[in-house]
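Subject: Structure handover

Hi,

Here is the structure I promised to pass on to you. Could you open it alongside this email while you read my notes?

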Amino acid sequence: MMHRDRLGPRVLVLVWSVLWSLPAAALNSGLGQPPPSVDRQSPQATVQGFLAAAHRGNYELAAHYLDLDFIPRAQQGGRGVQLARRLKFVLDRKLAVDVSAMSKEPEGDPEDARFDELGTIPLEGANVPIRVQRVTSEGALVWVFSESTVRQVDPLFAEYGPRVGEWLPPVFFSDAYLGLELWQWLGLLVVLLGSLVVAVVLERLVLAFALRLARWTRITWDDEMAAAGRGPLKLVTFSALLVAGTTFLRLPAPSQHFFNRVGYSLGVISLAWFVLRFLRVSAAFVQNRVSAEMKDASRARSVSTQLVVLRSIFEVATYVVAVALLLIQFEVVRSVGVSLLASAGIAGLVLGLAAQKSISTLLAGIQLSITQPIRIGDTVIVENEFGTVEEITLTYVVLRTWDQRRMVIPIPQFLDKPFQNWSKGSSEMLGAVTLQVDFSADIDALRAELKRVLEAEAREVWDGRVGSVVVLDVMDRTLTVRALVSVANSEKLFDLRALVRERLVRFLRANPQWLPVTRTEARPPVPPPPSPPDNETPAAPPVAPRA
């Protein structure tokens, strides 16, 4: 019994020695000797070499990284090229391979030195593992895609591979340019042109149908909204068709990711474009309705100011949201944003101090739109400049002066400093004309002349409420006379004051005796007091008694 136990190990050693002395079979003998550039010494080198060769379109070289010993030697050449191409499509489409995570050691993963797994791909309710395996080739240990993985390439390609690959000539799959094969470049051209044509045709059909429906209504807002869709509708349709079309081309993951981002970006831009047009059309429609139906001009200007400011606020918000949606798709920007939020101590304080002026200006613009100390069309005096409010934004106000200049005034100016608004409340105003006349001037004649001017020459600008002449002040040589007149609209006040001033000056020229003059009065000399006689002594002046 003991003899048999000792004999067993000796037989195993003898068999192992005989097998070791036999010449080792070559791996994939039907492919011939692998080129020197084929590096299969580690799992990472095998995966990296296969992907590099396959993406260059050199499938003959990529076949050397597959275990094809289960295929007859005569068929390994053709089948190896086909399997390498199909495996490349499946990996690009369904498995994001992280080559840096693969083992760089010839021994592989210490936990399981036989295999190194890239990941799994779902197929018919099960997960197919994609592995590289360590095998013997001519007495050396090399890493190749395992036989079990290569056997599953055809079923995986039937599920996820491009159908066009079954009937196109091999020339379309022979070479790759910038990671894409010839058939994929042709497919991209077809997708781009086809998406553009379909987008244009679909936009025209949809807009024609929408305009036909809009004509059935009495309002014009829906007609303008249907016309506003020209452009954004075409862009969003093109982006959707572009993403859908490229998915059928089985592009590599980086290329497909690029077109997905392009489609997403175009979709965001088209949405923002339509929102901006919606705001413009809606604001213009409301403004026209207010101008046509509201009889109170002051109230109409108030609504117009609110519409302008609110439209500016929503436009800024649209731009901010659109830019945020565009940037959030980039991992680098997201990482920077997260790191800034994580270190929001000093950075937040610095940003807050830097943006304090801008934020306060924006808040001042919002406050101005709510409280409305000024409105579009108001007549104001700011910094001794007389003009009309022409434009109001979130940060500044444009004032059109009387001489057609444009003053750009910051919003806080109207909240921090006093100014005159001649249109606030009622538009009626009083205006004064001041003259210097002689003491002999006939004030009643001036009153009669003012009445004549107002009733005869100023009927178009004078509202008939006030027209008076009073002596405002008495100076040492002249009288200050004030003529007070009234207008229904502050814009007419300057013209009325100028007319009254010119006519009163002309009236005074016709009566020059009423004009101010400088008088010089001559008087006879005062005689000296009589002198006393010579024999009389002048009396001494009285002396005040002492207290």
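β13 gives the most to the lining of the largest cavity, namely three residues. Both β11 and β13 supply at least two residues of that lining; helices (H or I, at least four residues) and strands (E, at least two) are DSSP runs, numbered from the N terminus. The lining is made up of Val-433, Leu-435, Leu-446, Val-469, Val-481, Arg-482, Ala-483 and Leu-504. By class, seven of these are nonpolar, none is polar and one is charged. For the classes, Ala, Val, Leu, Ile, Met, Phe, Trp, Tyr, Cys and Pro count as nonpolar, Asp, Glu, Lys and Arg as charged, and the others, Gly among them, as polar.

The volume of the largest cavity is about 30 Å³, and a search of the whole structure finds one cavity of 30 Å³ or more. On a 1 Å grid over the protein atoms alone, a cavity is a set of points where a 1.4 Å probe fits but cannot get out, while a pocket is an open set with protein on both sides within 12 Å along at least five of seven lines; lining residues have an atom within 4 Å of a point. Grid points are joined across faces, edges and corners, and a volume is the space filled by probe spheres set on the points.

Before going on, please keep in mind that this is a predicted model, in which local features need pLDDT of at least 70 and side-chain atom pairs count only at pLDDT 80 or more, while totals for chains, interfaces and linings use all residues. Residues are numbered from 1 along each chain as its sequence is written, and side-chain values use heavy atoms, with hydrogens and water left out.

Next, α17. This helix has 18 residues and reaches 26 Å from its first C-alpha to its last, close to the 26 Å expected at 1.5 Å a residue (the expected span is 1.5 Å times one less than the number of residues). Its buried residues are Leu-493, Leu-496, Leu-499, Val-500, Arg-503, Leu-504, Phe-507 and Leu-508. Seen down the helix axis, they fall within an arc of 165°, so they line one face of α17; the arc is that of the directions from the axis to the C-beta atoms. Phe-494 and Arg-509, on the other side of α17, are exposed. Buried means under 20% relative accessible area, exposed over 50%, partly exposed in between (1.4 Å probe, protein chains only). The cover over the buried residues of α17 includes β11 (429–437), α16 (443–456) and β13 (479–487), with contact meaning heavy atoms within 4.5 Å.

α17 also turns up in the largest pocket, where it provides four residues, the largest share of the lining. β7 (385–392), β8 (396–401) and α17 (493–510) each supply at least two lining residues. This pocket holds about 330 Å³ of space. Of its 15 lining residues, Phe-386, Thr-401, Trp-402, Glu-491 and Phe-494 lie nearest the centre. The lining has five nonpolar, six polar and four charged residues.

The second largest pocket holds about 230 Å³. It too is lined by 15 residues, with Gln-33, Pro-34, Arg-40, Ser-137 and Glu-138 closest to its centre.

Arg-40 is also one of the residues that Thr-46 touches, not counting residues up to four places away in sequence. Thr-46 sits in helix α2 (residues 43–55) and counts as buried because its relative accessibility is 0%.

Happy browsing!
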